[in-house]
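Please keep the sequence and the model in view while reading.

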Amino acid sequence: MKNKFIVFEGIDGSGKSTQCSLLYSYIASKDIPVKLLAEPTSGIYGQQIRKMLQSETPVSVDEQIRLFIEDRQQDFDLNIKPCMEHGQTIVMDRYFYSNAAYQGSSIISPEDIIGKNIERGFPLPDRVYYIDIEPAEAMRRITARSASGKTELFEKKTFLEGVRKNFLHMADNRFLKIDGSASQDEIFNIIKNDYLVLIG
Ligand code: ADP
Ligand code: TYD
């Protein structure tokens, strides 16, 4: 079976979106049916999340978890499930590991947040490409890409250090950890070679 559920994870500015597009185009060029998805989505919960990310007054972590899970439920019902039923490959920019890494803390652990997502029936991906990068480098890229110089709620170096620790801690054998300081081509070569092994 060539249809795979592939997820990209990493802190903001790690280069996920760039690699998602490259892998999506590569798979499409092989005439394998493939869909590019991203969370947060542009649905009603995704729009609330975008507002929250721009706002100066953050909502509680419980409310953040609720919003991201409701957004994921919509994504599952509208996109993920139909793709799986039609045998399409999914290339996805963020999934529930982001929920665990960004909303996880000593108050509610990343493992408990993954548990909440699994309880909802969200399927495990076949592969997670985790792009690992120093928060200082990520912040340089984020500031360079933002026209206004403004950053979002989670785009703070100290916060991203905690998020990175959470990602590194939760990485199991589904994860392929890739050094995000390498060039776009070098990173994509690693991903492409791994993907070719994955589809056999
Ligand atoms: P993310 O989706 O993880 O936030 P992006 O793919 O949007 O990251 O990349 C963030 C910024 O860094 C963009 O301006 C992008 O062009 C640049 N970038 C992406 N990959 C690399 C890389 N390997 N080396 C240097 N800059 C990169
Ligand atoms: P995204 O648009 O992917 O940000 P970027 O392109 O900068 O990496 O995601 C927006 C923000 O949402 C990002 O800071 C990570 C956060 N997020 C969570 O906190 N929890 C989640 O469950 C998801 C999917 C994203």
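Predicted model: local features only at pLDDT ≥ 70, side-chain atom pairs only at ≥ 80, totals over all residues.

Which element gives the largest share of the shell around ligand 1? Helix H1 does, with three residues.

The surroundings of ligand 1 may be taken first. Around ligand 1 there are 15 residues, and those that come nearest are Gly-13, Lys-16, Ser-17, Thr-18 and Ala-182. Several polar contacts involve the backbone of the protein. An N or O atom in the backbone of Ser-14 lies 3.2 Å from an oxygen atom of ligand 1, and for Gly-15 a backbone N or O atom lies 3.0 Å from an oxygen atom of this ligand. At Ala-182, a polar backbone atom is 2.9 Å from a nitrogen atom of ligand 1. Taken alone, ligand 1 exposes 560 Å², and the protein buries 74% of that area. Helix H1 (16-29), helix H6 (135-145) and helix H8 (184-199) are the elements that give two or more residues to its shell. By class, the shell around ligand 1 consists of three nonpolar, eight polar and four charged residues.

Attention now turns to ligand 2. The residues around ligand 2 number 16, and Asp-12, Lys-16, Arg-94, Gln-103 and Arg-145 come nearest. Here the contacts include side chains. A polar atom in the side chain of Asp-12 lies 2.8 Å from an oxygen atom of ligand 2, while an N or O atom in the side chain of Arg-72 is 2.9 Å from an oxygen atom of ligand 2. The backbone also takes part: at Asn-99, a backbone N or O atom lies 3.2 Å from an oxygen atom of the ligand. Ligand 2 exposes 550 Å² when taken alone, of which the protein buries 93%.

Which helices each supply at least two residues of the shell around ligand 2? They are helix H2 (44-54), helix H3 (61-85) and helix H4 (96-103). Among these, H4 gives the most, with four residues. The shell around ligand 2 has eight charged residues, together with five nonpolar and three polar ones.

The next topic is the space in which the ligands lie. Rolling a probe the size of a water molecule over the atoms shows where empty space is left.

Two features of the backbone remain. Most residues other than glycine have a negative phi, and most peptide bonds are trans. Where is Asp-31 placed? Asp-31 is in the loop between H1 and S2, and although it is not a glycine, it has a positive phi of about 60 degrees. The other feature concerns a peptide bond: Glu-39 and Pro-40 are joined by a cis peptide bond, with omega about -5 degrees. Pro-40 is found in the loop between strand S2 (34-38) and H2.

Technical notes
Residues numbered from 1 in each chain as written. Chains lettered and ligands numbered in written order. Heavy atoms only, no water. Near = heavy atom within 4 Å. Polar contact = N/O pair within 3.5 Å; in protein donor to acceptor, adjacent residues only side chain to side chain. Areas by Shrake-Rupley, 256 points an atom, 1.4 Å probe, with all protein chains shown as cover. Nonpolar A, V, L, I, M, F, W, Y, C, P; charged D, E, K, R; others polar.
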